[in-house]
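Colleague: Could you take a close look at one single part of this model for me, and then tell me how that part sits within the rest?

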Amino acid sequence: MGATPSREVTISVIAAEAGVSAPTVSRVLNGRGDVAPATRERIETLLRTHGYRRRGSRPKERVGLLDLVFNDLDSPWAVEIIRGVEDAAHQSGTGVVVSAIHNRPKAARQWLDNVRARVSDGAILVTTDLDPELNGQLRDLDVPAVVIDAVGVPELVTPTVGATNWAGGLSATEYLIQLGHRRIGFVEGRPELWCSRARLDGYRAGLETAGLSVDPALVAPAEFTYESGFRAGQRLFAGEDRPTAVFVSSDQMALGVYEALRQRGLRVPDDVSVVGFDDLPEARWSSPPLTTVRQPLADMGRLAVRTVHRLVQNETIESSRVELATELIVRHSTAPPL
């Protein structure tokens, strides 16, 4: 006869008894197929023995409350994500709570306490790197999560939504090469972010495909802010042997590069061509309007909401990692070199 159901039995307890990781138990609960049959049977037996049931017992018809978590909210990039999430949530009658944890463990734990108190149905984490302990607690609360723009290499256990960053970096670089540029700089985002590394790899691939060498002196580190873009621009264009074009990993940083060029008396695109990444509203309003790689930020937010709904309803997710297509948007910041 099965043991008396206990509210203290968590996914972590089941995982320990089964001799597997908590993510493996989550995959079984979510109906994922990437678990060995014998392991699946052992986990399902323990779930039945302990009387473990998902919070709410039955799949819900809809998500009542959703948590949207950022590291920071001081970027137009974040506003675009929020716009997509709010749009999809409004259509489904879902409330959204927006939080920022500012890369502080204490703030992350406070957020988790708030999730527990308000009984959220799901969570969307944006470029957020919660430590394993907090991730385990989120699973134990049975709050399905989706990650937008995972910080590191995406884990297979948690669904992720992103953009084709490598392809976007490649298309930006190839376009500049087609215009005739051969000395092309690159302003890199935070190197610990998966999207930053993918855009850098796309830039390198574009150069190498054209038979051009990657010059480390033309790669400037930055941090996805206007100020860091300005500093990177100052560094790239300080000498005589400056690049004739630069691919910048975000629109905000590209506008910082604009200012660095202006202060040096260099004109866009007459003296230097500039390509950004994101296609924020500012890209259209800048002078000149910025050529950029559009990543569908609002669509990424909408897809994340739909994925949370499917997880809450115990539906199978066909792919744990989805990348939406990027697109090069040509405006007036690029031209052939003089």
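Modeller: Happy to! Helices (H or I, at least four residues) and strands (E, at least two) are DSSP runs, numbered from the N terminus. By that count, arginine 231 lies in helix 9, residues 226–236. The model is predicted, so local features need pLDDT of at least 70 and side-chain atom pairs count only at pLDDT 80 or more, while totals for chains, interfaces and linings use all residues. Residues are numbered from 1 along each chain as its sequence is written, and side-chain values use heavy atoms, without hydrogens or water.

The protein chain has 12 helices and 12 strands in total. Of its 338 residues, 55% are buried (under 20% relative accessible area with a 1.4 Å probe, protein chains only; exposed is over 50%, and partly exposed lies in between). Arginine 231 counts as partly exposed because its relative accessible area is 46%.

Helix 4 has 17 residues, 76–92, and at 1.5 Å a residue should span 24 Å; its end C-alpha atoms are 25 Å apart, so the two agree (the expected span is 1.5 Å times one less than the number of residues). At its start, a side-chain oxygen of serine 75 comes to within 2.9 Å of the backbone nitrogen of tryptophan 77. After the helix comes glycine 93, with a positive phi near 70°.

Which residues of helix 4 are buried? They are Pro76, Trp77, Ala78, Glu80, Ile81, Gly84, Val85, Ala88 and Ala89. An α-helix has 3.6 residues a turn, so residues three or four places apart point the same way.

Trp77, Ile81 and Val85 are also among the residues with the most contacts inside the largest nonpolar core, which has 28 residues (a core is a set of buried Ala, Val, Leu, Ile, Met, Phe, Trp, Tyr and Cys residues joined through side-chain atoms within 4.5 Å). Helix 4 gives two or more residues to this core, as do strand 1, strand 3, strand 4, strand 5 and helix 12. Helix 12 supplies the largest share, eight residues. Beyond its neighbours within four places in sequence, isoleucine 124 has contacts (heavy atoms within 4.5 Å) that include Val85, Ile148 and Val305. A second, separate core of 23 residues includes Val248, Ala254, Val268 and Val272.

Note on methods:
A polar contact is a pair of N or O atoms within 3.5 Å; within protein, one must be able to donate a hydrogen and the other to accept it, and residues adjacent in sequence count only if both atoms are side-chain atoms.
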